[in-house]
Amino acid sequence: MLGKGVVGGGGGTKAPKPSFVSYVRPEEIHTNEKEVTEKEVTLHLLPGEQLLCEASTVLKYVQEDSCQRGICGKLVCTDFKIAFLGDDESALDTDEIQFKNKVIGENDITLHCVDQIYGVFDEKKKTLFGQLKKYPEKLIIHCKDLRVFHFCLRYTKEEEVKRIVSGIIHHTLAPKLLKRLFLFSYATAVQNHTATDPKNHTVMFDTLEDWCWELERTKGSMKYKAVSVNEGYKVCERLPAYFVVPTPLSEENVSRFQGHGIPIWCWSCHNGCALLKMSALPKEQDDGILQIQKSFLDGIYRIIHRPPYEIVKTEDLSSNFLSLQDIQTAYCKFKQLFLIDNSTEFWDTDIKWFSLLESSSWLDIIRRCLKKAIEIIECLEAQNMNVLLLEENASDLCCLVSSLVQVMMDPHCRTRAGFQSLVQKEWIMGGHCFLDRCNHLRQSDKEEHQRHLSLPLTQSKSSPKRGFFREETDHLIKNLLGKRISKLINSSDELQDNFREFYEGWHSKPTDYHGLLLPHVEGPEIKVWAQRYLRWIPEAQILGGGTVATMSKLLEMMEEVQSLQEKIEERHHRQEALQAEAPSLLRNSARLSSLFPFALLQRHSSKPVLPISGWKALGDEEDLAKREDEFVDLGDV
Amino acid sequence: MASAPTSKYNSHSLENESIKRTSRDGINRDPAEAVPRLPGETRITDKEVIYICPFNGPIKGRVYITNYRLYLRSLETDSALILDVPLGVISRIEKMGGATSRGENSYGLDITCKDMRNLRFALKQEGHSRRDMFEILTRYAFPLAHSLPIFAFLNEEKFNVDGWTVYNPVEEYRRQGLPNHHWRITFINKCYGLCDTYPALLVVPFRATDEDLKRVATFRSRNRIPVLSWIHPENKTVIVRCSQPLVGMSGKRNKDDEKYLDVIRETNRQISKLTIYDARPSVNAVANKATGGGYESDDAYHNTELLFLDIHNIHVMRESLKKVKDIVYPNVEESHWLSSLESTHWLEHIKLVLTGAIQVADKVSSGKSSVLVHCSDGWDRTAQLTSLAMLMLDSFYRSIEGFEILVQKEWISFGHKFASRIGHGDKNHADADRSPIFLQFIDCVWQMSKQFPTAFEFNERFLITILDHLYSCRFGTFLYNCESAREKQKVTERTVSLWSLINSNKDTFKNPFYTKEINRVLYPVASMRHLELWVNYYIRWNPRIKQQQPNPVEQRYMELLALRDEYIKRLEELQLANSAKLSDPSTSPSSPSQMLPHVQTHF
């Protein structure tokens with residue numbers, strides 16, 4: 001029997017060559033000397049969740065102080081997740097409890113979170129899919145949340161290897177039927193309990209009242225009305241049952257082209273200007289139909305161009321902005337920078353980090369999204385214009401731009417409930433095709449779409465976080481990117497001037513955090529959102545540091561102030577002074593990792609992380625580098 | 001309502017000190033009155049000029065030149081621009097345009113500053129105003145070339161704290177628990193006879209006699225022998241600094257030096273080897289043999305382990321910073337910001353310096369062995385490594401006074417050649433001795449404070465203030481190359497210390513989040529993923545790239561602190577009222593919501 005947690009020798013096992021950890025020398029894989037009693041770790045199943053297959057004696061590798069350690073355990077696959085049931089005794093002690101998630105544990109990977117699966121055969125890493133002829137010695141799983149798991153199957157029974165590997169591949173990569181998605185069995189099994197706190201409740205926008213409430217909140221009800229023409233999805237399946245349109249628009253208009261060509265209200269600004277969106281009319285060859293479309297649109301524009309409506313500026317997102325392909329291509333490159341297999345890879349890429357980052361174009365895309373939102377805000381706020389976003393289905397870039405504008409302009413969207421309601425309004429009800437964009441059904445590669453919800457952060461003036469959404473499509477049309485960017489940069493000078501003036505004007509004034517917030521968009525200000533992207537990389541963890549350190553000081557102070565406040569109120573209510581002091585709410589601030597609350601504290605010691613490759617030739621500076629600091633010849637000293 | 005952000009909490013750039021925008025109504029019409037003047041500062045001249053602002057275009061203004069500063073005030077009604085630049089930051093003054101120059105504003109002066117900016121002034125061609133201004137600026141910005149004193153010697157400022165008393169070597173070594181059984185304080189260098197670039201007071205192994213030290217000195221470049229910088233309070237391992245051994249091409253050996261290193265190794269009673277960190281790239285260390293230098297080979301030094309830290313020389317650093325300026329001033333490179341930044345190699349150098357210091361600190365902290373650090377002469381890279389390692393190991397140096405002591409000790413007293421590296425009052429802007437080594441150190445400190453925002457008592461403004469006065473020549477702190485020269489010039493008697501200014505306004509330089517943690521070792525992560533360009537320093541002149549001041553989290557924290565103090569006061573009052581209330585219960589205070597201030601953000 002293999003010793004617990006032992007890799008490479010000890011416990012009477014033949015010392016196997018650690019081929020998998022090819023970068024790590026055998027002596028670096030240290031054995032876990034502590035003999036631990038066999039502990040049965042039970043699989044935690046959600047209601048409705050079923051175990052599909054399992055394999056025992058699997059080793060999971062953990063990076064620790066720049067060497068790797070194996071934990072022995074069982075690898076299982078259910079209809080919801082892949083889980084590793086190890087007995088890593090170290091995870092049981094300390095305060096790690098606070099890093100845990102109620103549904104998904106440290107060693108759980110939901111099936112939909114799997115991005116790529118690799119097998120290692122004779123030290124070669126290959127992508128796994130479909131039917132396998134040969135089974136790998138190691139399994140590497142790259143997750144969409146950027147975790148990387150390494151499982152060693154060397155000690156696992158051949159039958160179990162076959163079962164678990166093909167099981168995992170099948171359940172994560174094969175096309176799925178919608179009705180087979182786990183949430184349906186979960187929902188059936190779980191009692192329908194909706195415990196909503198009325199104070200912090202998310203507006204779902206699935207009733208007429210919700211839309212009326214939003215219209216009232218933004219004072220848009222003067223010029224816009226909620227309609228129920230699509231009740232039962234009679235007009236269009238793409239649109240929500242209830243939505244908002246300009247008051248004079250008739251129901252007949254709405255149903256004419258199944259909701260296409262209709263200005264749909266997103267949000268009203270304090271000055272009465274509104275952000276609208278419209279899905280383009282279907283492209284037609286036939287002149288007659290085109291004529292009909294044109295006169296229909298003319299009619300629509302006549303309505304919204306007339307008082308009480310402000311001048312409308314149309315923003316065509318399909319032709320004037322990023323393409324979904326651009327976003328997808330960039331994200332694919334970008335995420336690879338964080339899917340790091342080991343320490344060597346981390347430090348090898350470190351020297352070229354900035355150029356790697358730049359070549360992904362991801363931060364540039366983020367900048368352009370932010371800029372676009374600011375341009376639109378400039379129209380709404382400074383020029384008192386309505387803005388109409390136009391896109392083929394009004395369900396991708398429209399969602400992105402419109403929610404960004406609202407996060408910047410509407411402080412309500414920066415509260416938790418407000419932000420959730422915004423996602424519900426713009427993305428869920430806005431008809432964003434999550435199923436396709438995330439490829440939840442694992443349709444063929446060609447159709448693969450992904451969508452990402454991310455909060456990129458410009459550590460800037462408007463630091464209270466802005467929500468940020470992006471999605472991306474499939475085909476990697478690499479050559480497109482360059483062209484498109486250059487096209488955009490040369491957009492009209494006047495627009496640029498207005499933008500500059502508005503943007504710089506805002507930044508030159510003191511900030512009201514409860515009003516309009518504009519992010520910084522200059523090169524040095526757009527940074528990688530470390531809290532999301534670096535969170536699983538042990539090398540990137542700053543023990544006891546990072547912004548978490550100041551945030552926890554802030555929270556402590558807040559608790560202290562609150563407890564003082566309570567004491568004061570208590571004294572007011574009951575004049576007789578309480579002699580017994582209430583226990584302080586202050587807890588000892590544990591030293592947190594910079595990646596809190598995401599990463600597990602994998603590095604237990606306080607040893608520093610040291611770059612393992614550093615020096616690089618300086619190229620054109622070689623001559624300088626060879627020079628002496630001082631020009632004195634020491635020969636005769 | 002909420003308390004507005006007050007400038008008191010503004011921990012950042014000295015923007016306020018250099019470019020102020022005041023309201024038009026506030027302008028004092030009497031120009032002589034309106035120009036700030038330090039005691040000892042005298043007005044030389046004033047001229048009408050066009051300031052060619054790289055961000056806002058040409059602005060007509062009047063420039064006042066004193067023996068300390070150049071001060072410009074806009075004469076335009078719609079701009080209240082003020083420029084306040086100490087002449088010490090000027091590196092180079094060039095005339096632009098000639099008699100035949102055509103076009104607006106093409107005739108004038110272009111001034112290159114040491115603090116990452118250029119100033120351009122257009123002047124009228126007639127009346128020799130450019131010649132006058134050029135000559136006056138040259139005279140007072142480069143006093144050394146004109147046999148004039150540096151302004152620090154004329155400055156008559158008075159502060160209620162004397163910064164010169166901050167660092168007392170005996171006290172600092174005593175704080176470290178020295179002398180002890182293994183280490184003694186020697187006065188052999190009292191008159192700088194052993195080594196003219198070392199301080200008078202040195203800590204050396206108890207077992208090494210003064211005669212030994214003299215013999216060792218002959219084998220170390222510029223006699224900079226290995227001496228103690230820091231000792232670990234528990235495991236007694238030490239950080240020792242020195243210059244390179246004079247091995248030369250022939251591979252000379254020196255028994256005294258070898259024995260001396262062995263004595264150092266034995267001081268902590270461990271059998272382990274002495275670790276030698278040579279800061280240079282190994283190729284450079286080898287190359288240095290050609291000029292008589294070199295490194296400790298293992299055949300000569302048996303009980304040592306030699307490691308190279310690959311940090312480049314002063315010339316590489318100078319060129320790297322020039323490239324940084326190219327991409328940030330006046331315009332920030334937009335489209336390829338990241339790759340441009342990478343091509344400067346600046347952060348890569350920062351990474352290597354930090355990595356080296358982490359290694360030194362880790363070796364000592366883990367108790368594995370004592371450490372000897374050197375580069376070529378032991379006054380540039382060596383100072384960076386020892387001081388950064390000490391900052392990581394010893395929380396005392398993370399306080400305001402502790403940091404002043406660290407700079408005073410490892411940099412100033414151990415002969416970092418400030419005068420040569422900065423070129424105070426010297427007109428030779430192209431001098432190859434100039435290099436931003438100290439700036440690089442401060443940048444590393446900033447990177448650390450960014451990664452550990454609660455570990456330092458001082459804030460960013462403190463670091464920027466130090467850098468501003470590194471160039472300003474207002475204080476004597478950074479003048480001259482070494483202690484012996486400073487003593488000769490009676491710097492402590494004749495000038496004011498920068499620490500006087502800082503320590504008499506300590507609140508301005510405090511980090512509100514500071515949490516004192518004794519015995520905590522700080523290891524920053526020296527990865528490009530965490531290193532950033534210090535925007536608030538390098539790009540502070542660009543009004544477009546301005547970070548939120550103060551940052552919202554800090555502002556919020558300050559509000560909460562104020563609220564807490566208010567509540568504590570209120571509670572005390574209530575307690576008093578309670579004990580007195582028995583006499584008259586009707587005088588109860590109003591409800592808490594009425595009388596208490598509110599915080600800007602909700603709980």
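This is a predicted model: local features need pLDDT of at least 70, side-chain atom pairs count only at pLDDT 80 or more; totals for chains, interfaces and linings use all residues.

Trainee: Why are β11 and β13 of chain A called edge strands of their sheet?
Mentor: The open sheet has 4 strands in the order β11-β12-β14-β13 (chain A), with mixed pairing. β11 (264–268) and β13 (312–316) of chain A each have a single partner strand, so one side of each is left without a neighbour in the sheet. Neighbouring strands are turned by 25° against each other on average, direction ignored.

Trainee: What is the order of the open sheet in chain B, and which of its strands stand at the edges?
Mentor: The sheet has 5 strands in the order β11-β12-β15-β13-β14 (chain B), and its pairing is mixed. β11 (227–231) and β14 (304–308) of chain B stand at the edges because each has a single partner strand, which leaves one side of each without a neighbour in the sheet. The twist averages 25° from one strand to the next.

Trainee: How do you know that β11(B) and β12(B) pair, and in which sense?
Mentor: The two strands share 4 bridges in the antiparallel sense; the requirement is at least two bridges, so they count as a pair. Trp230(B) has Ile239(B) of β12(B) as its bridge partner, and Leu228(B) stands opposite Val240(B). β11(B) and β12(B) form a hairpin with 6 residues between them, and Lys236(B) in the turn has a positive phi of about 65°.

Trainee: What makes β11(B) mostly covered?
Mentor: 5 of its 5 residues are buried, the term being applied under 20% relative accessible area.

Trainee: Which strands of chain B does helix α6 lie across?
Mentor: Helix α6(B), residues 255–266, lies across β12, β13 (274–278) and β15 (371–374) of chain B. The helix runs at about 120° to β13(B).

Trainee: Which residues of chain B does UniProt list under "binding site"?
Mentor: An unreviewed UniProt entry lists Asn313(B), Ile314(B), Cys375(B), Ser376(B), Asp377(B), Gly378(B), Trp379(B), Asp380(B) and Arg381(B). They are spread over 69 residues of sequence but cluster in space, with a largest C-alpha distance of 12.3 Å.

Trainee: Why is Asn313(B) called buried?
Mentor: Its relative accessible area is 1%, and the limit is under 20%, so Asn313(B) is buried. Asn313(B) is found in the loop between β14 and α8 (314–328) of chain B. Its contacts include Leu624(A), Lys626(A) and Asp629(A), as well as Asn284(B) and Arg381(B).

Trainee: What makes the approach of Asn313(B) to Val316(B) a polar contact?
Mentor: A polar atom of the Asn313(B) side chain lies 3.0 Å from the backbone nitrogen of Val316(B), and the distance limit is within 3.5 Å.

Trainee: Is Gly378(B) buried or exposed?
Mentor: At 0% relative accessibility, Gly378(B) counts as buried. Gly378(B) has its place in the loop between β15 and α11 (381–393) of chain B. Leaving aside neighbours within four places in sequence, Gly378(B) is in contact with Arg224(B), Arg241(B), Cys242(B) and Ser243(B).

Trainee: Why is Thr454(B) called buried, and what does it touch?
Mentor: Thr454(B) has 7% relative accessibility against a limit of under 20%, so Thr454(B) is buried. Thr454(B) lies in the loop between α14 (437–451) and α15 (460–472) of chain B. Among the residues it touches are Ala549(A), Thr550(A) and Lys553(A), together with Asn511(B) and Phe513(B).

Trainee: How is chain B divided into domains?
Mentor: Chain B has domain 1 (37–148) and domain 2 (169–552). Their C-alpha centres lie 35 Å apart, and the contact takes 21 residues from domain 1 and 26 residues from domain 2.

How values were computed. Residues are numbered from 1 along each chain as its sequence is written. Chains are lettered from A and ligands numbered from 1 in the order in which they are written. Side-chain values use heavy atoms; hydrogens and water are left out. Axes are lines fitted to C-alpha atoms, for helices over the stretch in contact, and angles run from 0 to 180 degrees between N-to-C directions. Contact means heavy atoms within 4.5 Å. UniProt positions are given in the numbering used here, feature names are shortened, and annotations may be inferred rather than shown by experiment. Buried means under 20% relative accessible area, exposed over 50%, partly exposed in between (1.4 Å probe, protein chains only). A polar contact is a pair of N or O atoms within 3.5 Å; within protein, one must be able to donate a hydrogen and the other to accept it, and residues adjacent in sequence count only if both atoms are side-chain atoms. Domain bounds come from an automatic or database domain assignment.
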